Amino acid sequence: MKSLNISPMPEQNLEQKINAIRSEAETSFKTATTSRDLYDLKVKFLGKTGSFSVIMKDLSSLSAAEKPLAGKLVNEAKQALESVYQVCETNLKQRELDEKLKSETLDLTLPGVPAPLGAQHPVSLVTEEISMILSRMGYSIRTGPIIETDRNNFEGLNVPKDHPARDMQDTFYIDESHVLRTHTSPIQVRTFENEKPPLRIAAPGSVFRSDSDVSHSPNFHQIEGICIDRNVSMADLKGTITYFVGEFFGKGLKTRFRPSFFPFTEPSAEVDCQCAVCKGKGCRMCGDSGWVEIGGSGLIHPNVLSFSGLDPKEWQGFAFGFGIERMAIIKYGINDIRLFSENNVRFLEQFAT
Ligand code: PHE
């Protein structure tokens with residue numbers, strides 16, 4: 001082939017120069033380690049302002065006879081490099097893909113991250129269990145409002161205004177005639193005024209008293225049991241509660257009834273149950289007595305019946321009100337009533353089933 005001479009490097013003729021660039025480009029393409037570097041090299045050699053474009057500019061100084069040959073050499077070199085580029089690019093891309101897949105490999109046999117599941121609050125659990133037991137015993141569930149009238153919370157329950165019995169419960173007053181209910185007993189008044197006896201009602205709910213220490217919370221829960229029928233006696237009350245306690249804490253735990261006073265029951269009794277933790281032997285939970293108090297009870301006072309329009313000569317009844325937290329404390333051996341309202345997950349998750 002005829003040698004071509006071109007400025008500004010007179011010592012190298014054009015053909016040599018093209019071949020030099022061609023082999024430099026080919027070596028660079030083949031040694032590029034990433035497709036990004038390879039692309040940059042392509043721009044460097046074959047791009048608009050790349051080495052070959054510079055040479056093309058130089059061609060203008062050649063004679064008309066030399067131009068076609070020079071042009072042909074440049075095009076051949078460019079085409080050859082283009083195909084080297086393609087091969088290198090395919091190889092590098094494949095290698096990069098392989099590495100990416102390898103680094104992102106997912107081991108489907110690894111155990112998953114466990115999703116923490118919520119659990120029912122012990123107060124809800126116990127409320128539900130007590131409600132189930134009482135339902136099986138023929139009791140229907142009723143509820144009432146948390147903000148009660150003074151009339152339903154006190155007056156209808158034989159606690160007139162200025163009666164000293166109001167001091168038994170430290171009441172949160174909303175206004176003159178409304179309170180945060182201090183017990184679930186106002187549901188007795190609501191039931192007697194709205195339903196016809198004979199009746200068996202269980203009424204769980206949230207109650208409020210201005211009181212707070214290890215065993216008292218200003219907001220706690222009770223469940224009220226109410227039975228109205230003809231010829232109801234203390235024996236029915238004792239039998240019902242003893243059966244219920246056996247169902248809830250397990251058979252074999254005795255109950256005992258201590259004479260007490262509530263304005264809305266006569267006679268009244270406080271209910272103790274043998275400590276479920278030590279089975280009556282005596283432990284820290286029960287203050288070594290073997291017994292724990294679970295609530296109050298009694299035969300419904302005739303004044304309560306007649307206040308709501310029931311004739312005490314025709315109808316008698318019994319009622320009991322148990323503390324839900326207290327029953328949960330005994331059943332699960334919990335030592336501080338405040339745990340119920342702290343929402344500590346480590347406490348709550350122990351009740352997950
Ligand atoms: N309401 C009473 C209390 O909260 C408990 C009770 C209910 C007593 C029903 C007798 C009958 O202390």
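Predicted model: local features only at pLDDT ≥ 70, side-chain atom pairs only at ≥ 80, totals over all residues.
User: OK, so how far is the side chain of arginine 209 from the ligand?
Analyst: An N or O atom in the side chain of arginine 209 sits 2.8 Å from an oxygen atom of the ligand. With the cut-off at 3.5 Å, that pair counts as a polar contact.

User: And how much of the ligand does the protein cover?
Analyst: On its own the ligand has 330 Å² of accessible area, and the protein covers 94% of that.

User: Which atoms of the ligand do histidine 183 and serine 185 face?
Analyst: A nitrogen atom in each case. For histidine 183, a polar side-chain atom is 3.0 Å from a nitrogen atom of the ligand. For serine 185, the distance from a polar side-chain atom to a nitrogen atom of the ligand is 2.9 Å.

User: Which residues come nearest overall?
Analyst: There are 15 residues around the ligand, and the nearest are His183, Ser185, Arg209, Gln222 and Gly321.

User: What kinds of residues make up that shell?
Analyst: Nine are polar, four are nonpolar and two are charged.

User: What pocket is the ligand in?
Analyst: The ligand takes up the space of the largest pocket.

User: Which elements give two or more residues to the shell?
Analyst: Those are β6 (219-229), β9 (291-300) and β10 (316-323). The largest share is from β10, with three residues.

User: Switching topic, which domains does the chain have?
Analyst: The domain assignment gives domain 1 (14-103) and domain 2 (122-351).

User: How far apart are their centres?
Analyst: Taken over C-alpha atoms, the centres of domain 1 and domain 2 are separated by 92 Å.

User: What's up with the phi of aspartate 162?
Analyst: Aspartate 162 has a positive phi of about 70°, although it isn't a glycine. You'll find aspartate 162 in the loop between α6 (150-153) and β3 (173-175).

User: Why point those out?
Analyst: Because most peptide bonds are trans, and most residues other than glycine have a negative phi.

Methods
Residues numbered from 1 in each chain as written. Heavy atoms only, no water. Near = heavy atom within 4 Å. Polar contact = N/O pair within 3.5 Å; in protein donor to acceptor, adjacent residues only side chain to side chain. Areas by Shrake-Rupley, 256 points an atom, 1.4 Å probe, with all protein chains shown as cover. 1 Å grid on protein atoms, 1.4 Å probe; cavity = no way out; pocket = protein on both sides within 12 Å on 5 of 7 lines; lining within 4 Å. Sits in = over half its atoms within 2 Å of the grid points. Helix = DSSP H or I, 4+ residues; strand = E, 2+ residues; numbered from the N terminus. Nonpolar A, V, L, I, M, F, W, Y, C, P; charged D, E, K, R; others polar. Domains from an automatic or database assignment.
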